[in-house]
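Here is a short report on one protein structure. It covers charge pairs, surface patches, backbone geometry and an annotated domain.

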Amino acid sequence: MGIRAILAKPFAAYVISQRKKWEKNAVETQLNLMKSLLQQASNTVFGKDHKFSEINDYEQFKQNMPINDYEGLKSYVERVVAGEPDILWPNKPLYFAKTSGTTSGVKYIPISKESIGFHINGARDALLSYVHETGNSSFLDKKLIFLSGSPEMTMKHGIHVGRLSGIVNHHVPDYLRSNQLPSYDTNCMDDWEAKLDKIIDETLPENMSLISGIPPWVQMYFDRIQARTGKKIKDVFPDFSVFVYGGVNFEPYRAKLFESIGKKIDSIETYPASEGFIAYQDSQRAEGLLLLLNSGVFYEFIPAEDYFKPNPRRLHIGEVELGVNYALIMNTNAGLWGYSIGDTVKFVSLDPYRIVVSGRIKHFISAFGEHVIGEEVEKAMQYAMQKHPEVELVEFTVAPQVTPPEGGLPYHEWLVEFAKAPNNLEAFAHDLDEKLTQLNVYYDDLITGNILQRLKIRALAPNAFIDYMKSQGKLGGQNKVPRLSNDRKIADEI
C-alpha cells in the first residue's frame, strides 16, 4: 500500500469527525451561516440595497431578500463583470464560471476566495467519506481520470473566466496531481471527439483505478475503448474500482455502463454546481446525497407547487419535510442572493439531511396540466428496463406532441436511443406508460379522460444524441441533454 492510501484513512477519519459536528446541529449551523453571510456582505452595493444590516432573523431575511434567477441579479453581475468591487460580495471574485443560459445567453457565476475551497473540498470529502466507510483507499495510489471541460481560461478585468470543471482542475491537490489524467495539453483540446481519442491514447497503457465524469460521456469513452481493444473495461483496467459521477441521474445509464465494465464496481454520486458544491453521496448503504450545510451556502426551499405563485412559501432547513418536491434556493459566500438554481430536490432523510435531485423547476411537461417532472420519467424508464432486462439505454428525452401529424389525440413522445432495443417495443411503451400513470395522478386523469392518448416511443438512430449535441457545440465536458421539455424545440432538432 502506497503513502497516499495509508495517509488517506486517518485524514478521512478527521474530516468525518468534523462533519459530524455540524450534522448534529444542522439548523443552528445554517441560521448562524445566514447571519455571517449578511454581516460579511452588509457594506456591498447589494447589501445596502436590501438593508442587510437590519436583518436579525429568517423572517426579516425573507422580507428583505427577493427570490432571484440570473436575470434578477444580472444588473449587479454586469457591474462585477465590468470590474467593480464590492457589488454582490466584498472585493472582486477570483473567477467567473462561464455557463450557458436558456434566456440569458452566457452567464457569469462568481466564485470568490471564500467559496473556491468549498468547491474543492466537496469532491475531496466525497472520496474521503467513501474511504472511511469502505476502507478502500488503494485506488488513490493508481491513476485517476476526470473527464471534464478545458482548464484554459480567459480574463475579464483581471478576473479569470472558465468552465467550472476547468477552474477546479487548477486546484487539484498536489498529492493527486501526479497520478491524474488526462494531461493538461489533452484536457485543453476543444474538439471532444479528438480529445477523447487522445485521452484513450494516454489512459490505455495506465493502471486506471478511478474514473470520473458525466455518465453519457463516460459511456462514450468506454465504447471507444471497447471498439479499439475488443475487451471489457475490467480487462483493460483490472484495478478500476471507483466510478465518480454527477450532473444526471445514474439509473438510466447504470445497466449499460456496468455491462461495458463487465463487473459491478462502487460508485460515488456528487452534486457540484457553478454556484456551489451542494451535496455528495456519503454512504454506499444509505439513499440520497448529504446536503452540505457548512459549506458557505445558506439554503432555502420553496415547495415546487408554490414556486410560480406571487408570494411562494420559503423554508429553511429546519422546516422541510420528507418526500416534498422543493425548488432549491441558494445564498452564497460568492454573492448569489436568493438565487434559484433551477433544480428541484426531495429529502429522503432528515437525520442527517440527505436529498435526491428530482428534476428542473422549468423542465417539465404540462401541456395539459399534467406537470410531469424529470424524476417521474426516470423512475418510469427504470421500471420498464427492469421489466425488460434485455434493454440497454444510451439516452432519452421526452416532449409533448400537441398536434400529432397523424391526427388523433395528443400524447407524450419519448425519443429514445437504445444500445439494445426491447424485444417488444409496444410492450415496453405500455410498461413505461403504466408506471407514469401510477407516479402522476394528473397524467393518469388525462389518459383515462381521453384527453391524452398513451405515450409513444420514437426509437432513434445510433449516435442521435451525440450528433445533436455536436450540432449545438455542446459535445462532451459537463453538457447534458434535458430530460424533458414543455415544447418541441429539442425534440424536433433531434
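## Salt bridges

The structure holds 32 salt bridges. A salt bridge here is a side-chain nitrogen of Lys or Arg within 4 Å of a carboxyl oxygen of Asp or Glu. The model is predicted: local features need pLDDT of at least 70, side-chain atom pairs count only at pLDDT 80 or more, and totals for chains, interfaces and linings use all residues. Residues are numbered from 1 along each chain as its sequence is written, and side-chain values use heavy atoms, with hydrogens and water left out.

Glu395 pairs with Arg483, and their closest N and O atoms are 2.6 Å apart. This pair links distant parts of the chain, 88 residues apart: Glu395 sits in strand E18 (residues 392-401), Arg483 in the loop between H17 and H18. Helices (H or I, at least four residues) and strands (E, at least two) are DSSP runs, numbered from the N terminus. Both Glu395 and Arg483 are buried. Buried means under 20% relative accessible area, exposed means over 50%, and partly exposed lies in between (1.4 Å probe, protein chains only). Salt bridges that share partners also build one network from Arg19, Lys20, Glu23, Asp282 and Arg354.

## Two further pairs

Asp125 bridges to Arg124, with 2.7 Å between the closest N and O atoms. Asp125 counts as buried because its relative accessibility is 14%. Arg124 has a relative accessible area of 23%, so Arg124 is partly exposed.

Lys234 and Asp235 also meet through their side chains, at 3.1 Å from N to O. Lys234 is partly exposed, because its relative accessible area is 30%. Asp235 reaches 42% and is therefore partly exposed.

## Charged surface patches

Which residues form the negative surface patch? They are Glu152, Asp185, Asp190 and Asp191. Patches are made of residues with over 30% relative accessible area and no salt bridge; like charges are joined within 9 Å, nonpolar side chains (Val, Leu, Ile, Met, Phe, Trp, Tyr) within 5 Å. Areas come from the Shrake-Rupley method with a 1.4 Å probe, and for residues only the protein chains shown count as cover. Asp190 lies in the loop between helix H9 (184-187) and helix H10 (192-203). With 70% relative accessibility, Asp190 counts as exposed.

A positive surface patch brings together Lys98, Lys156, Arg163 and Lys474. Lys and Arg count as positive, Asp and Glu as negative; His and the chain ends are not counted. Each charge is placed at NZ of Lys, CZ of Arg, CG of Asp or CD of Glu. Lys474 is in the loop between helix H17 (464-471) and helix H18 (489-493). Its relative accessible area is 34%, so Lys474 is partly exposed.

## Backbone geometry

Leu181 and Pro182 are joined by a cis peptide bond, with omega about 0 degrees. Pro182 falls in the loop between strand E6 (180-181) and H9. The bond from Asp351 to Pro352 is cis too, with omega near 0 degrees. Pro352 occupies the loop between strand E14 (339-350) and strand E15 (353-360).

His157 is not a glycine, yet its phi is positive, about 50 degrees. His157 sits in the loop between strand E4 (154-156) and strand E5 (159-162). At 54% relative accessibility, His157 is exposed. Asn463, also not a glycine, has a positive phi of about 70 degrees. Its place is the loop between strand E20 (456-459) and H17. Asn463 is partly exposed because its relative accessible area is 39%.

## Annotated domain

What does UniProt place at residues 291-350? The record gives "domain: GH3 middle", from an unreviewed entry. UniProt positions are given in the numbering used here, feature names are shortened, and annotations may be inferred rather than shown by experiment. Over residues 291-350 the chain is 0% helix and 45% strand. The end C-alpha atoms of that stretch are 10 Å apart.

## A helix residue

Ala429 belongs to helix H15 (residues 425-439). Ala429 counts as buried because its relative accessibility is 12%. Between Ala429 and Gly246 there are 28 Å in space, C-alpha to C-alpha, and the two are 183 residues apart in sequence.
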